[in-house]
Amino acid sequence: MEGGEGGEVASAAAGPPAPLEWKFSQVFGERTAGEEVQEVDIISAIEFDKIGDHLATGDRGGRVVLFERTDTKENGGNRRDLERMDYPVTRHPEFRYKTEFQSHEPEFDYLKSLEIEEKINKIRWCQAANGALFLLSTNDKTIKFWKVQEKKVKKISDMNVDTSKAAGNGSVASSSLSSGPKQCLANGGYADRSYNCLNNDLSFPPGGIPSLRLPVVTSSETNLVARCRRVYAHAHDYHINSISNNSDGETFISADDLRINLWNLEISNQSFNIVDVKPANMEDLTEVITSAEFHPSHCNTLAYSSSKGSIRLIDLRQSALCDSHSKIFEEPEAPGSRSFFTEIIASISDIKFARDGRYILSRDYMTLKLWDINMDSGPVSTFQVHEYLRPKLCDLYENDSIFDKFECCLSGDGQRLATGSYSNLFRVFGCGPGSTEATTLEASKNPMRRQVQTPSRPSRSLSSSITRVVRRGSESPGADANGNSFDFTTKLLHLAWHPSENSIACAAANSLYMYYA
C-alpha cells in the first residue's frame, strides 16, 4: 500500500500475502494451574493508543492499567545509529507495566434503586500533550477524562543535624530565634516580653542554640500520577456501550441502548443528543443501539450498529438531530433461513472503521462482515467465526452464551482482521483480494497449538452483481481441529490490533496475552 501504484501492481501480480505465523510475545497476569480467577480481575476493555506506544486495559473492578512500549526506547537512537550498530530495526513490540489507577467505584442509584457496577466498559485514548497521557474510560453510567503525568515527588532526604550536638532537638528545632542581648521574634517583638505567652517547655539553653536544624528537600524521584480532569455523568438512562473520540480532537460520543450523545471534552455538565431511537411507546421498541464509532478522519461522520444487524451512517452536517441516516448497511435475509435464533445472532456486538475510513468491520454472533461505505447493497466479505456452533444454538441460548458480545479489530494496513471465540480461541482472517487466510489461535504461550491445518477455500456467492466472498474456517461440529470439546465459560471477548505492526493483544479472563507475526 505504501509503494504507490507500481507497488500495488507488483503485489497484485504476486497474489495474496502468505498467512502470518503468529508467535507468543508476552503475558501479564498469567494464572497458575488451578488458580481461581477473582471476578474483579477479569479484563473488560483493551485499547492501543494511536501510535501504538501505550496499551490500556480496564477490568471489572474499575481499574485501568497502562503499559508502555520498551523495545523502541531501550535500543535508543535513530535508524542510522541502529544501522551503524548493525542492530535489526524490525523488532516485535514489547511492553512493560507502567501504572494503574482506580477509575470507577461501585455506586448506587437511589432514584431507581439500582447498583451501578464499577466495570470498565470502554477505554479510548485522547491526544497526548506536554508529556502527559489522556484517556477516557466509562462504566455503565459515567465517563471520566484522565490525565496521567510524571510528577516529581519532593521528599525530605536528610536533616543537617550535627550528630555530636543532637541532644534536645525536639523542643527547640521549630524555633528560629537568634541569641543575643535582645532576642527578636518573627513578628518584631522581643523574646523577653513574649516568654509569658509561650509554653513553659519552650526554654532556651544558656548560650543560645548550638546548631540550626533544617530539613533538606530533594525532588529526585518521579512518580506517575493519574488525575481525573472531568466527569461526564447523568446523561444516560441506559447502560453505556460505546465511547468514541472525534478526529477533531475536541469532541466525543457516548452511546447507550437508545441514545447517542455528543460531548465536548472541555464541557462536562452538558451534552447534545444527536440520535434518539426511543419510541413514544416503549412497546413499539424493535431494535436498540449496540455500538457506535466516529469516522477516523471525517469529523462529521459516524456509524452505529443495531440489534437487528444493520449499520447506519449519519452525517452531522445534515441536521442537528440525526435520527434519519444518510446510509444504511444491512444484508437481506435469505429466504427460508429464518428461525427462532435469527434475530438474536444477527445482533451486531461491535463495529470498527478501517484506518482509512473506507471500510467498516462488524461482528455479530456467528460472523465477521466487512462493509464498503460506498456500497450499501451488502457486505463485501463475510467470515464464519465458529460455524460449528450453529447446531448448538439451543444450548447457547439456555446458558445465555448466545448474548455474549465479542469485539473485532482490523490491522493497521487493513489487510487482516481478528475476533474472539470460545475456549480462549481467536481467529485471524485475511481480507485482501484472493486471500484464504483463516487462522485459529489460542490465548496461551503456544498460540498455534489448535491451528487448523487446511482451512477450506472461500466459497463465492453470486447473489449480487458485485462478488462477495464467504470465508470459512474449521467447521467440525462441536469440537475444534484437534477434537477438543469447546468450553463456553472461557471466552475471548476483548482484543486489539497494534495500529502499525502485526501485533495483537487479547484478554483471557484476568490474563493479557500479546502475540506478533
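Modeller: Start with E387. This residue sits in the loop between β23 (381-384) and α7; helices (H or I, at least four residues) and strands (E, at least two) are DSSP runs, numbered from the N terminus. This is a predicted model: local features need pLDDT of at least 70, side-chain atom pairs count only at pLDDT 80 or more, and totals for chains, interfaces and linings use all residues. Residues are numbered from 1 along each chain as its sequence is written, and side-chain values use heavy atoms, with hydrogens and water left out.

Colleague: Is E387 buried or exposed?

Modeller: Buried means under 20% relative accessible area, exposed over 50%, partly exposed in between (1.4 Å probe, protein chains only). E387 has 16% relative accessibility, so E387 counts as buried.

Colleague: Which side chain does the side chain of E387 join in a polar contact?

Modeller: A polar contact is a pair of N or O atoms within 3.5 Å; within protein, one must be able to donate a hydrogen and the other to accept it, and residues adjacent in sequence count only if both atoms are side-chain atoms. At 2.6 Å, the partner is R390.

Colleague: How is F403 classed: buried, partly exposed or exposed?

Modeller: F403 lies in the loop between α7 (393-398) and β24 (408-410). Its relative accessible area is 42%, so F403 is partly exposed.

Colleague: What is the average pLDDT of the protein chain?

Modeller: pLDDT is the predictor's confidence in each residue, from 0 to 100. In the protein chain, 76% of the residues score at least 70, and the average is 82.
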